[in-house]
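Reader: I'm new to this one. Could you take a close look at the aromatic rings for me and walk me through what they do with each other?

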Amino acid sequence: MSIRILSAHEARTALWAPYFISKVPAGFPSPADDYMEQGLDLNEYLIQHPAATFYCRVSGHSMKDIGIMDGCLLIVDRAVEPANRSIVLAVIDGEITCKMLDTNQQRLLSANNQYAPTPISAGSNFEVEGVVIHAINSYVGNC
Amino acid sequence: MRLIAMLAIVDCNSCYASCEQIFRPELRGKPVVVLSNNDGFVVARSKEAKALGIEDLQPFFKVEHLLRKHNVAIFSSNYPLYGDISNRVMTTLRQFSPNVEIYSIDEMFLDFDGLQEDLNEYSHLIKQTVWRDVRMPVGVGVAPSKTLAKLANHVAKKHRQGNGVCVLDKPHKWEWVLRRLPVTKVWGIGKRLAQRLAEFNIYNAYDLAKANPKIIRRHMNVNVERTIKELNGIPCFALEELPPAKKQIYCTRGFGHKLTEIEPIQQAMSLYVRRAAEKLRKQNHLALTIHVFIHTSPFEPNYYSNSTTVKLPYPTDDTRIINQAAKQGIEHIFKSGYRYLKAGVGLIELVDKKHFQFDLWHKGQPIKSDHLMNIVDKVNRTHGKGIVHLASEGFHKKWYMRQNFTSPAYTSRWSDIPIIFC
């Protein structure tokens with residue numbers, strides 16, 4: 001059986017539905033009923049600008065030393081202003097990659113000592129596609 | 001304090017083509033075309049594709065050699081992607097006004113009444129924000145009325161100096177534009193109306209603005225009179241809060257290839273019925289009558305076209321009942337020996353569900369049907385359109401439309417999200 005995973009925007013309503021400990025109206029109510037808070041919503045925690053946020057999958061090992069592993073899920077926000085040492089999705093000469101931004105030395109850094117820094121030259125059509133705000137590494141099931 | 005209340009129209013440049021460039025940055029600045037349902041016609045072109053001389057609504061087979069020669073990127077329509085991107089654009093635009101109207105998949109009106117900021121700067125901020133957050137290039141037209149705003153938007157697109165923004169906040173500014181545009185460019189004025197206006201010596205938009213509204217109303221209709229007022233800076237068409245419920249709901253599609261047997265046509269019809277019934281339930285109406293039609297290609301000899309209306313046993317929104325009626329309709333009009341190109345169903349007599357009362361003497365939709373349709377809609381909403389459907393739609397849809405160049409649904413399917421090479 002395969003379950004279709006809900007998309008981020010639908011999950012927003014599904015997860016926060018409040019619930020009551022006691023199902024039956026008759027009998028003693030739970031002392032906690034009046035104090036119940038809403039459930040914790042992962043979407044609220046992870047995503048600040050839904051319209052500007054998208055997901056992508058990592059393939060490769062050049063960012064492993066900061067925990068972005070091969071196969072993990074990235075949450076990217078275009079509305080966040082990239083700054084020095086931001087992890088960004090960058091486009092150089094038409095190719096998208098994930099790297100750390102080094103504005104002081106105008107270059108892109110990997111997090112893996114097998115990869116050298118990539119300089120950002122003036123004519124290379126460099127553009128930041130978004131800032132990586134979370135990386136989700138899964139340890140169970142197909143990630 | 002601004003004396004005239006202004007409004008803006010923001011629209012996406014080459015919407016579908018631009019959507020295809022969002023997750024393909026290497027295609028930005030390159031020629032891109034998007035094809036219609038069935039890969040039949042060119043329905044969207046990037047700026048660069050337009051520059052190559054590829055015209056709108058050209059049949060694909062006619063321009064294919066030109067597209068291949070210039071390495072134009074070709075895409076089938078990817079509505080899940082376009083719908084999602086459109087939502088993102090609309091959400092992003094809402095922060096710029098408390099009162100907005102979504103006009104179409106790629107256009108939104110924004111009320112600027114009460115805005116203190118400089119109109120040009122604000123419009124540029126809107127452009128920059130939509131590009132930053134969604135990677136969609138947009139044009140902004142600002143004016144006192146919807147009709148003028150649409151013209152301003154047209155100017156914003158055509159004139160490079162404006163950088164995609166055009167503000168017509170004074171009469172001399174909009175009159176300058178009106179003098180230079182033919183009357184067919186005015187919102188609501190098509191070829192036919194333009195011909196009739198020519199009889200009154202009205203050729204450009206300025207001529208129309210200066211025409212006598214009462215005379216025009218007598219010879220045409222009240223909407224043209226309103227258009228004249230709008231061209232003079234007097235708003236007559238207000239921003240609508242909600243789109244009006246449709247008075248008729250149609251679902252019509254061409255087949256992937258021509259069909260000669262009744263069975264595949266019935267299968268296709270079941271799909272169209274399902275889609276139409278979903279829209280019916282969404283707007284809380286019941287249908288009393290349906291209209292079905294089929295026809296062969298008008299470009300081939302031996303043209304056959306027929307249609308019929310079928311009255312439903314009782315006012316209903318139940319897909320199964322409507323499907324039965326549609327089946328009967330097709331059986332009635334189908335003739336063998338023809339190669340059918342297209343079919344469709346229309347739900348034509350609609351009543352508001354809440355105004356309808358069933359009683360002992362008027363047979364109506366059983367509550368069980370309501371519940372079943374409710375559950376079907378819920379499951380389809382959560383797990384994907386069409387997951388629950390009638391078996392009569394068939395399992396191997398040989399008649400389903402051709403789509404040979406579809407891009408991934410980057411933002412709505414986990415299996416389709418972009419892969420980043422690190």
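Author: Let's start with a term: buried means under 20% relative accessible area, exposed means over 50%, and partly exposed is in between, using a 1.4 Å probe and protein chains only. This is a predicted model, where local features need pLDDT of at least 70, side-chain atom pairs count only at pLDDT 80 or more, and totals for chains, interfaces and linings use all residues. Residues are numbered from 1 along each chain as its sequence is written, chains are lettered from A and ligands numbered from 1 in the order in which they are written, and side-chain values use heavy atoms, with hydrogens and water left out.

Now the rings. Rings of Phe, Tyr and Trp (its six-membered ring) pair if their centres lie within 6.5 Å; planes under 30 degrees apart are stacked, over 60 edge-to-face, and the rest tilted. Searching the whole structure turns up 17 aromatic pairs over all chains. One of them is Tyr16(B) with Tyr82(B), a stacked pair at 4.3 Å centre to centre and 10° between the planes. Tyr16(B) sits in helix α1 (residues 15-22) of chain B and Tyr82(B) in helix α4 (residues 79-94) of chain B, so to speak linking distant parts of the chain, 66 residues apart; helices here are DSSP runs (H or I, at least four residues), numbered from the N terminus. Both Tyr16(B) and Tyr82(B) are buried.

Tyr338(B) and Tyr340(B) make a tilted pair, because their centres are 6.3 Å apart and their planes at 50°. Tyr338(B) counts as buried at 18% relative accessibility, and Tyr340(B) does too, at 0%. There's also one aromatic cluster, formed by Tyr103(B), Phe109(B), Trp187(B) and Phe237(B).

Key:
Helix = DSSP H or I, 4+ residues; strand = E, 2+ residues; numbered from the N terminus.
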